[in-house]
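Okay, thanks for coming, everyone. I'd like to walk you through one model today, with a bit of time on its charged pairs. Have a look at it first, and then we'll start.

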Amino acid sequence: MAITAKLVKELRDKTGAGMMDCKKALVEADGDIQKAEVILKEKGQATLDKKAGRIAAEGIIGSYIHNNKIGVIVEINTETDFSANTDDIKEFAKNIAMHIAASNPQYVSEEEVDEKEVQEQKSILINQAMNEANDNMPEDKKKMIAEKKVEGRFKKYLKEICLLDQPYVKNPEMTVDAYLRSIAAKIGENIKIRRFQRFEVGEGLEKKQEDFAKEVSEQINQ
């Protein structure tokens, strides 16, 4: 199958990988874009795994304030102070802060999710799934089916609350994790989003409901 520039660009938009890497993956996958995505992910994971053990203790604090209503600070770690001060990392930090303002994640990654919250959410999802079952179905069968349904629903829940799993607001075809990998590959260092804090005016107080997150997202994509 002919590997066109349009196909290469489509794969690049989805993964954030370099043009040449995308072309090589498409050639290896014989033009199948889904297979090419898997190839890039596997190769990218292997590269990042090699770098993962390297200490990333340098970095910068990125920030974003939207109309004095939402504020975000995020810590981005790099291996060297030199890379931390490059335009690529500064832009990455700002973009991640903007994404957090718009998407309001609760954790950086799935590994950070509190076990108590995991069990509570799974229990809620199981009860919801059991209530959807036929009333005449035996309880043990209801629970068995519910638990299978919950696997997929819980994964979806994690994607909603974990920053790395969320679709990147500036390019929803790729996840934040894919965006991170593309920057790590570009600068050739281990990069981590270590932590973040998001503030919203009046959060937790009784007030008129205003969707500031939607407002941020719309402004980013203008």
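Predicted model: local features only at pLDDT ≥ 70, side-chain atom pairs only at ≥ 80, totals over all residues.

Residues are numbered from 1 along each chain as its sequence is written, and side-chain values use heavy atoms, with hydrogens and water left out.

Glu75, Arg194 and Arg195 are linked by salt bridges. Take Arg194 to Glu75: the N to O distance is 3.3 Å. Arg194 sits in strand β5 and Glu75 in strand β2, so this pair ties together parts that are 119 residues apart in sequence. When I say helix or strand, I mean DSSP runs numbered from the N terminus, H or I with at least four residues for helices and E with at least two for strands.

Then there's Arg195 to Glu75, at 2.6 Å, N to O. That one also links distant parts of the chain, with Arg195 in β5 and Glu75 in β2, 120 residues apart.

The cut-offs are under 20% relative accessible area for buried, over 50% for exposed, and partly exposed in between, with a 1.4 Å probe and protein chains only.

By that salt-bridge rule the count comes to 5. Another of them joins Glu200 and Arg198, 3.1 Å from N to O, and both of those residues are buried.

Now, the sheet behind this. It's an open sheet of 3 strands in the order β1-β2-β5, with antiparallel pairing. The edges are β1 (58-66) and β5, each pairing on one side only. Pairing means that DSSP finds at least two bridges between two strands. For β2 (residues 70-78) and β5, there are 8 bridges, and in β5 the partner of Asn77 is Lys192.

Staying on β5, which covers residues 192-200, we also find Phe199 there. Phe199 is partly exposed, with a relative accessible area of 48%. Together with Ile61 and Ile73, Phe199 makes a nonpolar surface patch of about 320 Å². For patches, we take residues with over 30% relative accessible area and no salt bridge, joining like charges within 9 Å and nonpolar side chains (Val, Leu, Ile, Met, Phe, Trp, Tyr) within 5 Å. The areas are from the Shrake-Rupley method with a 1.4 Å probe, and for residues only the protein chains shown count as cover.

Zooming out: the chain has 9 helices and 5 strands. From the N terminus, the elements go α-α-α-β-β-α-α-α-α-β-β-α-β-α. Of its 222 residues, 40% count as buried.

How many disulfides does a search of the whole structure find? It finds 0, taking a disulfide as a pair of cysteine sulfur atoms within 2.5 Å. Cys22 is buried, at 0% relative accessible area, and Cys162 counts as buried at 0% as well.

That's me done, thanks.

Key: Salt bridge = Lys/Arg side-chain N within 4 Å of Asp/Glu carboxyl O.
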